[in-house]
2 protein chains.
Amino acid sequence: MEALFKANFYPGPSRLYDEVAGFAADGFAKGLLSLNHRSSIFQELHRLTTEKLFSFLNVPEGYHLAFVSSATECWEIIAQSLIEKRSFHLYNGDFGQKWFQFSQNLKPEAEAHPFSVDTLLKPELLDIALDNEWICLTQNETSNGTQVHDEVLGAFRKAFIDQFIAIDATSSLGGIQLHIAHADLWFASVQKCFGLPSGLGLLIYSDAVIQKAEEIGENKHYNSFLRVHENAVHNQTHYTPNILDIYLLYRILEILPNVDELGQKNHTRAQHLYQYFQGYSEFQPITQNNYCYSDTVLAFTGEEFFIEELHQNAIKHGILLGKGYGNWKNNSFRIANFPAIPNTEIDELVNFFDKF
Amino acid sequence: MEALFKANFYPGPSRLYDEVAGFAADGFAKGLLSLNHRSSIFQELHRLTTEKLFSFLNVPEGYHLAFVSSATECWEIIAQSLIEKRSFHLYNGDFGQKWFQFSQNLKPEAEAHPFSVDTLLKPELLDIALDNEWICLTQNETSNGTQVHDEVLGAFRKAFIDQFIAIDATSSLGGIQLHIAHADLWFASVQKCFGLPSGLGLLIYSDAVIQKAEEIGENKHYNSFLRVHENAVHNQTHYTPNILDIYLLYRILEILPNVDELGQKNHTRAQHLYQYFQGYSEFQPITQNNYCYSDTVLAFTGEEFFIEELHQNAIKHGILLGKGYGNWKNNSFRIANFPAIPNTEIDELVNFFDKF
């Protein structure tokens, strides 16, 4: 069966690791996918996957993992179960803004601080009222290819020691170096930097978050945090999960190097790509501040007719570029630089641009 | 790689169709799992899958399909977005009761009518106040192996023409004959009668449900019905779904006969099994009313020590029986009679019992 594209740079669902198909075949052959998600074998898989993930991500003591269905679900879980009154959202793109809107729907006092794609956040200069319980940040904004660097997250942690910090790392976790201790809660999806099929979200949270949830005591929903956590404690899930994806995560973590090593390589490759694309006057990164460049999602903007032609031409050459998103829908293209994309496919990309 | 069990009768996640592993391999090879869930290829897959599913299930005009993450999520979607004040729940087991409790959490005026496992419901005799907007029924109660027959659902439809009827068919849809026109809304999971990996729920609803949702106008949640529906209209999903499972559903529907034929075969096999198990005095169906026997989940009760020995012995022979659930946790076992389980494995089961 022929593949639809030679190379796929859509920022998610995106390129799977080459090994995934074989791992899936193992899972089917072993009968693992017929197993009940309350069984002891599933619990063992859950436990081992958590262990491997935390070791891969260098997660310090005092953090927990729960499997959820998607990152958007995490927006809801946080607003529903973990915010009493007010959260404070900093964003410069569509996904950050959507998170704010979701929060505001459920907790109308939510506050927002939009910033430009060129702005480097300086936490110590931000005026955030202390009665905002949570500071919500999108570490990697998939819609415009900007990121809030790990050092900046560290500065947030230092500047707002009394607040909870939640980080949307949907399109970066597993692909770049991040200090989990810089926030109380993180969430991500496996179909981005983990190079796995879509349909599974990861929610990582600290002991302090559990305490906060217990104080609030919200327990009314199928995905109420206390239910989610109570199940995770027993190495189970609050719903019937995508067991195949959990198994694939376990298997891929067995062969991946530590995220620090992986992230360093990915960073270097991103730098080369940004450098290469400097040669083009027809388009430039959406952000003009190179300190804001994302390592995992590169987004470039140009004239609409040019962008349209580029997309069409790429498809003719078997290359799928990511379309623009939100405000940048028609005048940008995006390139996923996820670890699962092999260098040979990056070469295909460069070849295509060389000739374009 | 050796399978964990020769035969697995856990009522879900349970036995996959034999063809599923091959279909998954095709999906990986084709690069389908790397596709964006907003892309036109995904939309086409969504459209074709809906078409095939509706043809398989003989769904009449005026119904719609949305993919969700699980059946428990449907309990929430209904209570959150489709009930203004009050729903009326009829149940005789744990899953029906949980649905009631979930609804009551969100809409405290919810009412319940528990009935015994031996009761055959007579809708025309039920006293349900007309201000109950929804009647909620668990068609197949996975916890105790009872079912509400399609004819009874038809009688409900006739007796309560002004109410909405919602049916939890988690462990029966796709495995027995059911008239979709008997209710306004149905939900199910693919890891039961569809013989697919876990991680995908199906929500089927009528035009009238959309109108009701629009009147209520609830739009605050990541899984608010209006968002779910608005995406489905465009052959998309409200969240990043388990694309592999959608693809596998499409592929399996290509080779399955119509559900009427499949359900008839499954019914006949269930009858044979009930007959066979009549030979045992150590256990009997949880329901003593053979009109309540489920076609897809058989549940038997006996002395605790006997049941425990039975489970252990079965495992030694490579056979996984379903454990008891809820009230029947320690004194029952369950046998999934899902269409994906081949007759050869039913023979293994009978062989095991013959010798036990």
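What volume does the largest cavity have? The largest cavity has a volume of about 130 Å³. A cavity here is a set of points, on a 1 Å grid over the protein atoms alone, where a 1.4 Å probe fits but cannot get out. Grid points are joined across faces, edges and corners, and a volume is the space filled by probe spheres set on the points. Rolling a probe the size of a water molecule over the atoms shows where empty space is left.

The model is predicted: local features need pLDDT of at least 70, side-chain atom pairs count only at pLDDT 80 or more, and totals for chains, interfaces and linings use all residues. Residues are numbered from 1 along each chain as its sequence is written, chains are lettered from A and ligands numbered from 1 in the order in which they are written, and side-chain values use heavy atoms, with hydrogens and water left out.

Chain A is superposed on chain B by a rotation of 180 degrees, with 0.0 Å of shift along the axis and an RMSD of 0.0 Å. Contact means heavy atoms within 4.5 Å.

Chain B holds an open sheet of 7 strands with mixed pairing, in the order 2-10-9-8-5-3-4. Helices (H or I, at least four residues) and strands (E, at least two) are DSSP runs, numbered from the N terminus. Two strands pair if DSSP finds at least two bridges between them. Strand 2 (63–68) and strand 4 (111–114) of chain B are the edge strands, each pairing on one side only. Strands 9 (185–189) and 10 (201–206) of chain B run antiparallel and are joined by 5 bridges. Here B:L185 stands opposite B:Y205.

Two helices of chain B meet these strands. Helix 2 (40–56) of chain B lies across strands 2 and 10, at about 120 degrees to strand 2. Helix 3 (71–82) of chain B packs on the sheet, and its direction makes about 155 degrees with that of strand 9. Axes are lines fitted to C-alpha atoms, for helices over the stretch in contact, and angles run from 0 to 180 degrees between N-to-C directions.

The structure holds 4 cavities of 30 Å³ or more. The largest cavity is lined by 18 residues (those with an atom within 4 Å of a point). A:N92, A:F115, A:L121, A:Q147 and A:V148 lie nearest its centre. Its lining has 10 nonpolar, 7 polar and 1 charged residues. Ala, Val, Leu, Ile, Met, Phe, Trp, Tyr, Cys and Pro count as nonpolar, Asp, Glu, Lys and Arg as charged, and the others, Gly among them, as polar. The second largest cavity has a volume of about 80 Å³. Its lining includes B:N92, B:F115 and B:Y291.

A pocket is an open set with protein on both sides within 12 Å along at least five of seven lines. Of its 46 lining residues, A:N36, A:R38, B:Y10, B:Y325 and B:R334 are the closest to its centre. Helix 10 of chain B gives the largest share of this lining, 5 residues.

Notes:
Copies are superposed by least squares on the C-alpha atoms of residues with pLDDT of at least 70 in both.
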